[in-house]
Structures are given as C-alpha cells and as structure tokens.
Amino acid sequence: MKVYMNNAGPTNGQSRALQGIAVVPGVVNGSVAWFRHGPELPRRGYRVKVADRPAELERFHDALDDVATGLREQADRLTGVTADVIRSSVYLVTDRGWVGPAERDITAGMTAETATGHQIGRFIELLERRGGFAAERTADLRDIRDRIARRLQGIDEPSLPKLTPSSILVADELAPADIAAIDPNSIGAIATIRGGLTGHIAIVARQLGIPYVTGVMDLTVLSEGTSALLDGVRGLVIANPPTSVVAQRLASDERHREQVETWSGPAQTRDKVPVSLLANVQDENTIDEARHTMVDGVGLFRTELCFINRSVEPSVDEQASIYEKVFRAFGNRVTIRTLDSGSDKPLKFAHTGREENPALGMRGVRIGLQNEDLLIRQLDAIAEGARRAGLSDDTAPRVMAPMISRVSEARHFAAMVRERGLIPGIVVEVPATAIMAEMFMREVDFCSIGTNDLIQYTMAADRLSADLFELTDPWQPAGLRLINSVIEAAKKCGKSVSICGESASDPYLAQVFVGMGVDALSMAPNAVPEVGVVLEKWDMHHYQELAQEVLKAEGAHHARRIAADYFAQLKEDEGAVGELSEEMTG
Ligand code: PEP
Ligand code: MG
C-alpha cells in the first residue's frame, strides 16, 4: 500500500503523498477546497476630491465598525480559547497604530481601500521585522485587511469556499477567525503551508476538533476539487489516494475514534502502569472544561492568560477567588504557575516596556523577582485561595515559577512558596536549567518541563514563527535529549517531574515521554482521551525501549521514522494488529 512520493509538478491524477506536520489527529477522505483570500488592495494613489473626503472617511469607519461587530458577534457565539483569540482580533480592527495613519491618508485624499492597504501593509512589515509575538499577529492582520477590503468593495463575505463535511480546506495560511466561523461538522479537515504547532490556528483547530496538518510545502500542486486523503495522525495529505489506502486508513481511524470517544480512564499503559494525565487551564471556562474531562488534576494553570486583557493588577482578594475555584474543583491536585508575563504574553500591569528581543528579555519570574511585591501578592492570593477552599498544610497545592534560569532564583522562589505553606516547583524551559537540572531539583519539590519554550530556546527558533516550524518541531532530538536528562535528574533526586508543553498532547511523543519515566503529562483537556487511548496500546518496557531508540535520532523526521519503525517491528513480533503501529506506519 505504498503511495507514490514525488514532489515535482502537479499531480495530474497521480497518487502523491505530501508530507507536513500533524497538528490535530483524524483521517478525512474528501476533496480540496482552496481558501480564497480577499481582493488585493491598492497601496498607492490619491484620488478623492476634497469635498468627498469626509464621506470617504465615514465609509472607512463604517467598514471598520461592521468588521469589528461581525467579529465580536462571532466571538460571543464561541467559548474558550477560540472566543479569546477572535476577541483579540477585534482590537486589531480598531488599533490606532494603523487606523490613525489611515485616517490621515484618507483626509489627504486616499481612498479608504488604498489607505487600508497602505497602512495595514506597513503595519504587517513592521511586525514582521519585530518577529516573535508581533510577527504571529500578521496572519490576523492580513485577515482583517481581507475583511475590510471585502466590506469596502461590497463583496459579500466569505473567503470560505462552499464547504461540505468532506471538504479539505487548503490555504497558504489561515487566521483563527476564518476557521472559527466554520461549523466543525460542515468541514472535513484543514491543511496549510504556513502555521506552527502552537500558533493560534492550531489552538483553534484543536479546540474545534478539526483534523489539521500544517507545513505542507507542496500544497500548491493540489488543484480545486482534487480528491485527497488528509491524515492528521501522520501529517500527510495524499492526493488521488489509492482506494486500498483510503479504506485501510479510514477503517483504522474509525476504530481509533470509537476508542477515543468511549475512553473513560484511568490512564495507564497496557501492562497497567498508571500515568497521570492532567489539564492545562487558564481561566474559569477552561477549569470548567477540565472538570468535565477525565483528568487527574490541573498540571498547569497559566495565570497570566487569566489577566491578559487587564490593565490594572487584580487585587489579592480577586485573585484568591479565582484560585479558590480551581482548588474547589480539583482539591490540591493543582499546579499553579506564577505570572509568565512578557514576550508573547505581556501583561499591561507587569511589563517592563519595549524590548528588542522580548523572548530573551524580562519575562516570567524575572519580572516577579525584579518587582517582588507583585510575586508576593500573587503567592499570598494563591495561599488565600487554598485556605478558602479548605486546603491545609497537609493538602497544600503546588506552585511553580516560569523561566527560572539560575539555581539562586529557584532557591529564593522556593523559600517564598514554602513560607506560605505551599509546595514549590519550577518550570524547566530554559536550556541552562535543563543542563543543570540536578542542582535545581535539590532546591524544589518538583518540576514541569515546558517543552514549547525549551525547544524554542534550544533550537534558537521562535516558537511562533510559521516559517521555522521545522526547527521548533517537538520531535527535535536535541530537545528530547534535554527532556530525558531532566527526567533522569528529577528521578535521581526523588522529585516528581511532568511535562506541560504542547508536545505532551502528541500521543506518540506522550509514549516517548512515558518511556523516559515522566510522572505526569499536562495538556489541553480535549487532548486527554486521545493520549489515554494511545498509551494503552503497549507495555511500559516497550515505551522505555522506544525512548532509548528515539534518542538516537539525528533529526525530527528521523525521530518519527524511528518510532514508526519501532512499532512496525513490534506489530510484526507480536503478530497483532496494533492500531498504533498502523497509525504510525500505515
Ligand atoms: C512551555 O513553554 O512549554 C509552557 C508550558 O509554557 P507557555 O507555553 O505558557 O510558555
Ligand atoms: Mg513557557
């Protein structure tokens, strides 16, 4: 059942497998529907007569109002991260950074179209030069430009083609609002050329459960209507797939889906070694979502995201009442992370101003240690929330600090946390900390490995860059080796170690991490059943062997290949049709 792999030229009806990166699992057989970007907007030209300029300005504002209202209404119909992501796009529509200069352009005689194209274009170029979080926003800005353009030119929505449940929506790049507008039942899957594993589009697709593959460089060889199989498990888009491949992949996926839908825990390997699966939460909605999922607790509460739109620091009392909710829901099975402000998540009330290189700047505990009162108030609020929820010293929850990079920071933070009767830990996400993990582990009671940042800093590649996704691939062996050494150090010191980055929700990496000896995996709540099902496929000693094999890889693709070959071999040895091996090897 081999599929012809050749990346030159159009498919001409031939079967062709295009490799990308798996983001949201699921297999869909359907046909290609290209996303249509908005009409091109001119960026030059003054031609509005003086007398008509006030009306032109009004036309411009009407378009902005309409687009903002449309997005706001869309956000109100949604929940969770998807709603938050769309709401953040509303701010961009009215952002004075481009709207002010566009108004001046129109007053000077430009058309609303030209001023929009000119100023959003400049804004995009500026953000691209800044990189990081700023560059990530450019997809959203392009989306807004498209929306305003369509509104100004009287083109009725949508960039979305007519979709059916078997449509595979393909695009160079998508903005969250594009897919958030889609009823997940009216589309099959999504494939894009650009877009990382941790970008907004990935977060939204994951929440909506739409199978998604990104980084498919050769996507443009697919023409509208081409029949295609999207495999969100192996990160493939197969054009004109042979019927045997379609039948086998769909059947295997259906069996797998059924298992995922009916999975009810407990999470364990096939030989019944328990694995703790925890939820990453960020606010009351996600706490609620986690409560309705089979999770053993909360492994990461991203507190900064709870306050991301606040300009004034919430009082100790207000913070305590939020933390109390998570403790009431999960008792002391909660790990709260202190504010990770800065870089891509700057909080207005906990930020040190403009930086040339914010990911390498004042971020996380660095801000908390510089402005210690802020950290003290948060720790007091966590202790108070625990007290209100009835937790005592014997049932104390865990608190960890992000971006720890020196042993002295860990020691100081641990003392502050212990003073309040809480259990101190650190996020290991800076390579320096991973390299010296053993020394850090003597200072604290636990650690959680933040793989998103650990990979970004290890590979010197911005985690938000859609162009660098191959470098920030969590299967990069350099990152895996560091993770393995942190787990070894924690074990040696008798401390617990978990993983809370996005990679914990990749079911195959979850197997690798379990084989390395991790105690818990923390992830978006809706990823838990998938990981739970896949972990049950094989025994602990298989995962241990798998981890050792994967650590020999020279690159990310190689690491995946090793895992696939390992399971193919197991399948052969056991003579069993393990679905996992089918998933990995086809
Ligand atoms: C990480 O870096 O992996 C992590 C869990 O934290 P965040 O994504 O919030 O930086
Ligand atoms: Mg991090």
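Is Glu429 buried or exposed? With a relative accessibility of 2%, Glu429 counts as buried, where buried means under 20% relative accessible area, exposed over 50% and partly exposed in between (1.4 Å probe, protein chains only). This is a predicted model, in which local features need pLDDT of at least 70 and side-chain atom pairs count only at pLDDT 80 or more, while totals for chains, interfaces and linings use all residues. Residues are numbered from 1 along each chain as its sequence is written, chains are lettered from A and ligands numbered from 1 in the order in which they are written, and side-chain values use heavy atoms, with hydrogens and water left out.

**Metal site**

- Glu429 (OE) and Asp453 (OD) coordinate the magnesium ion (ligand 2) at 2.0 to 2.1 Å; donors are N, O and S atoms within 2.8 Å of the metal (3.2 Å for Na, K and Ca), and sites may look incomplete because water is not among the atoms.
- Glu429 lies in the loop between strand E13 (423–428) and helix H16 (431–435), whereas Asp453 lies in helix H18 (residues 451–459), so the pair ties together parts that are 24 residues apart in sequence.
- Helices (H or I, at least four residues) and strands (E, at least two) are DSSP runs, numbered from the N terminus.
- Asp453 is buried, its relative accessible area being 2%.
- Neighbours within four places in sequence aside, Asp453 is in contact with Arg363, Glu429 and Arg463, contact meaning heavy atoms within 4.5 Å.
- The side chains of Asp453 and Arg363 are joined by a polar contact of 2.7 Å, that is, a pair of N or O atoms within 3.5 Å; within protein, one must be able to donate a hydrogen and the other to accept it, and residues adjacent in sequence count only if both atoms are side-chain atoms.

**Annotated positions**

- An unreviewed UniProt entry places the feature "binding site" at Arg302, Arg337, Asn452, Asp453 and Arg463; such annotations may be inferred rather than shown by experiment.
- Arg337 belongs to strand E11 (residues 334–337) and is buried, with a relative accessible area of 4%.

**Domains and cores**

- An automatic or database assignment divides the protein chain into domain 1 (16–28 + 161–258), domain 2 (50–153) and domain 3 (269–554).
- The largest nonpolar core has 98 residues, of which Leu277, Phe327 and Leu521 touch the most other members; a nonpolar core is a set of buried Ala, Val, Leu, Ile, Met, Phe, Trp, Tyr and Cys residues joined through side-chain atoms within 4.5 Å.
- Another core, of 29 residues, lies apart from it and includes Ala83, Ala102, Met110 and Ile124.
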